[in-house]
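Please work through each task before reading its solution.

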There are 2 protein chains.
Amino acid sequence: MAAPIRFGIVGFGNIGSGVVDIFTRNGPLINARLPRPLQLVRMADLDLTTKRPVPVPKGVEFIDDANRVLQGDDIDIVIELVGGLKPARQFVETALRAKKHVVTANKALLAHCGAELWNLAAENGVSLLCEAAVGGGIPCIRALQQGLAANEFTSVRGILNGTCNYILTAMAQTGAAYGDALADAKRLGYAEPDPTFDVEGFDTAHKIAILASLAFGQDIRFDDVHVEGISGVRADDLADAKENGLALKLVATAQRDDATSPVEVHVHPTLLPRGSGLGSVDGVINAVEFVGNAVGTVMLTGPGAGPAPTASAVLSDVMNLAQQIADGGLSLDSRLRVPVGVKSLCTFEDVETVHRVRARLTGDAAAPSQVRDAFAAEKVGVRELSESGHRVLTLITERAPEKRVQAVLKRLEALPCIAEAPASLRLEEKP
Amino acid sequence: MAAPIRFGIVGFGNIGSGVVDIFTRNGPLINARLPRPLQLVRMADLDLTTKRPVPVPKGVEFIDDANRVLQGDDIDIVIELVGGLKPARQFVETALRAKKHVVTANKALLAHCGAELWNLAAENGVSLLCEAAVGGGIPCIRALQQGLAANEFTSVRGILNGTCNYILTAMAQTGAAYGDALADAKRLGYAEPDPTFDVEGFDTAHKIAILASLAFGQDIRFDDVHVEGISGVRADDLADAKENGLALKLVATAQRDDATSPVEVHVHPTLLPRGSGLGSVDGVINAVEFVGNAVGTVMLTGPGAGPAPTASAVLSDVMNLAQQIADGGLSLDSRLRVPVGVKSLCTFEDVETVHRVRARLTGDAAAPSQVRDAFAAEKVGVRELSESGHRVLTLITERAPEKRVQAVLKRLEALPCIAEAPASLRLEEKP
């Protein structure tokens with residue numbers, strides 16, 4: 001039998017347990033699909049005592065010294081599942097410098113210093129793969145870099161956080177208020193006790209930064225992403241959406257007009273046609289949509305989190321590396337190239353958006369014309385305008401720079417004929 | 001600059017023109033993503049005179065002798081775009097024996113003799129890639145073999161023919177009869193003048209045979225697939241589906257209970273919950289859904305045909321090979337392994353199905369009990385039963401072997417209380 005390709009894991013938490021579990025269950029199948037078998041040699045975690053959902057497999061060392069995985073002479077591939085920036089960054093750097101291939105599920109790490117790490121990998125002739133960092137089990141990184149590699153991308157969008165999508169779906173389906181839907185999500189284990197990272201859009205922003213970097217070959221980081229979360233979404237936003245054939249989703253977008261245009265990267269609640277691609281993704285499911293100049297629009301949906309789906313992604317990366325190692329290749333995928341510091345971005349205030357605005361009016365007969373004047377003053381066109389019997393004015397803007405729309409909204413708030421601060425949500429009508 | 005990796009194309013028709021067009025437009029980008037540039041050296045077609053949508057690029061030889069592509073000393077990768085079995089099979093065999101990597105979009109070829117060809121490739125130390133053969137631009141083969149490679153698959157399903165999905169969607173949305181929707185599809189270029197290959201499900205059957213082979217590692221061919229097309233679908237089937245929150249799609253299925261069970265492979269019109277994954281795929285769009293024991297359910301949607309999406313898939317295969325060649329690797333992907341002649345299949349009559357049956361009754365008061373007796377005689381349970389004011393009896397069976405349901409339908413047809421032959425469609429309720 002061919003000599004095994006040996007891997008180690010740093011971080012034996014929930015995801016680590018998932019990887020061990022799937023590798024134990026599917027090991028024979030996985031090895032049958034590879035020219036040389038995979039062998040889990042060693043796992044490291046500072047906590048050696050807490051009982052995990054799965055036991056340490058027989059013959060596998062379990063130690064508290066990460067370096068013996070990161071630099072072990074008998075290790076070909078390191079799986080980093082520590083998460084966060086410290087000490088994960090140092091761990092990954094140590095492994096890459098020791099010329100180990102690294103597989104990581106760490107979105108924060110890549111969204112903060114991915115370009116440096118990918119370059120460090122290239123300098124050392126090894127690979128740093130990260131399928132599990134975006135979209136959980138959805139093979140979106142592979143799709144971007146391999147199956148769709150011949151495309152010039154114009155857009156990558158996604159519903160990348162199951163907690164947010166669960167909450168928004170529940171609000172749409174049951175009419176629940178945000179707080180109640182969040183409490184429900186916590187009870188079901190779909191939201192953390194402190195849900196800030198998810199509901200404020202930070203998790204989603206990390207993921208779109210990674211996708212944007214790879215799709216556009218630019219060094220786009222978390223700090224480059226304009227982020228708005230879902231905690232301000234109100235039950236009547238969803239009621240209004242539903243009545244009008246729309247869905248409200250936390251959409252991450254990275255797009256540019258063409259290869260010479262700056263890239264816009266943002267995360268915010270977005271109205272989409274119900275039944276459109278992203279608009280029909282409900283519940284904890286994640287989705288990633290690519291638009292390429294050859295393929296058109298391709299969308300992938302699936303479980304965006306959880307130990308088993310994440311393990312599916314981690315182990316598929318390990319298998320890719322094993323195949324390359326067995327083939328004797330360099331394992332250096334140039335399709336993943338993000339030059340440090342190189343980017344061309346469009347600030348969010350210059351991004352052109354369409355807003356759907358709802359404002360409750362006082363009885364003042366001059367109200368409609370005052371509202372119209374506010375838009376005219378900022379040169380924002382209004383495409384549709386209607387008033388309900390309850391004096392709620394609903395309008396849809398023409399596409400206009402975000403800063404001008406915000407200026408209109410400020411004007412509206414100040415108008416005496418507006419009974420309460422207007423609600424405004426961005427609308428994407430393309431299919 | 002690194003020496004180029006050279007490829008040739010056999011077959012300069014619609015798809016060939018698409019490949020040339022995309023390679024011309026995206027060439028600089030494609031080469032920037034590869035360690036060594038790609039060079040199109042030579043194209044062969046028997047017809048050298050017909051004007052194509054794109055010209056032969058400067059510096060590219062255009063000849064009528066296929067062998068100078070298939071065996072050319074200056075060719076590393078051959079793209080086969082001839083289609084059909086003859087002479088495509090011989091072309092691919094010649095190229096593989098000459099130790100050229102081959103990329104093909106030829107579903108018929110792979111569904112008839114894929115196992116032999118993949119094995120011939122392995123014997124010669126080269127690869128035979130086929131992303132474009134299934135799902136057009138959707139990177140589903142790559143997902144199956146790479147991004148989801150760590151999974152034991154239990155099911156692969158798909159909506160794999162845009163013509164059928166366009167027709168069924170149009171019938172659902174407009175209430176049109178099959179013939180009118182087909183005429184419309186022809187007018188719009190979504191159906192061929194002779195649409196048999198598409199509407200009778202043969203195209204879909206070819207594609208599911210390929211997916212099934214790769215997902216289950218078995219030699220599953222076109223002849224192993226139970227096929228029913230859409231030409232018998234009636235407007236009132238779609239009206240009934242719509243009224244009941246269902247969508248009717250031509251669904252290809254390959255599934256098994258576990259790794260020891262036989263595989264069922266079939267193509268037939270299927271009722272699905274509207275808003276479920278496959279149930280919400282409308283128009284000419286294709287979809288492929290994988291269920292793996294680690295990842296759960298992952299679905300990919302996108303354009304299933306057309307020169308540019310197909311070129312996206314073909315060129316991404318070429319890029320994968322170029323990367324491997326540049327790395328110095330064997331380029332031999334063991335994750336693609338289909339042993340000739342090895343299969344374990346379940347015949348369609350033993351497949352367990354759920355049927356939704358509608359039957360128009362005469363006024364006979366004994367009708368409902370006679371119908372019930374027909375089901376009881378074949379030991380097929382009935383889960384739901386309702387009768388409309390128009391004497392239309394609608395019922396849903398329990399899951400039962402297909403042959404027993406067919407026996408029930410025969411009995412029903414013979415009953416004097418049944419006014420016309422009952423309509424029956426298979427129903428899949430899993431999400």
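**Exercise 1.** Determine which residue of β12(B) stands opposite M299(A), and describe how the strands pair.

*Solution.* M299(A) faces T301(B). The strands concerned are β12 of chain A (residues 296-303) and β12(B), which run antiparallel over 3 bridges. Strands are DSSP runs of E with at least two residues, helices runs of H or I with at least four, both numbered from the N terminus; pairing requires at least two DSSP bridges.

This is a predicted model, in which local features need pLDDT of at least 70, side-chain atom pairs count only at pLDDT 80 or more, and totals for chains, interfaces and linings use all residues. Residues are numbered from 1 along each chain as its sequence is written, chains are lettered from A and ligands numbered from 1 in the order in which they are written, and side-chain values use heavy atoms, leaving out hydrogens and water.

**Exercise 2.** Characterise the interface of chain B and chain A.

*Solution.* First, take the contacts (heavy atoms within 4.5 Å): 51 residues of chain B meet 51 residues of chain A. Next, the buried area (accessible area, 1.4 Å probe, lost on being put together, summed over both parts) is about 4000 Å², with 46% on carbon and sulfur atoms. Finally, count the salt bridges (Lys or Arg side-chain nitrogen within 4 Å of an Asp or Glu carboxyl oxygen): there are 0.

**Exercise 3.** State how many salt bridges join domain 1 and domain 2 of chain A.

*Solution.* The count is 3. E116(A) and R221(A) form a salt bridge through their side chains, at 2.9 Å from N to O.

Key
Buried area is the accessible area (1.4 Å probe) that two parts lose on being put together, summed over both.
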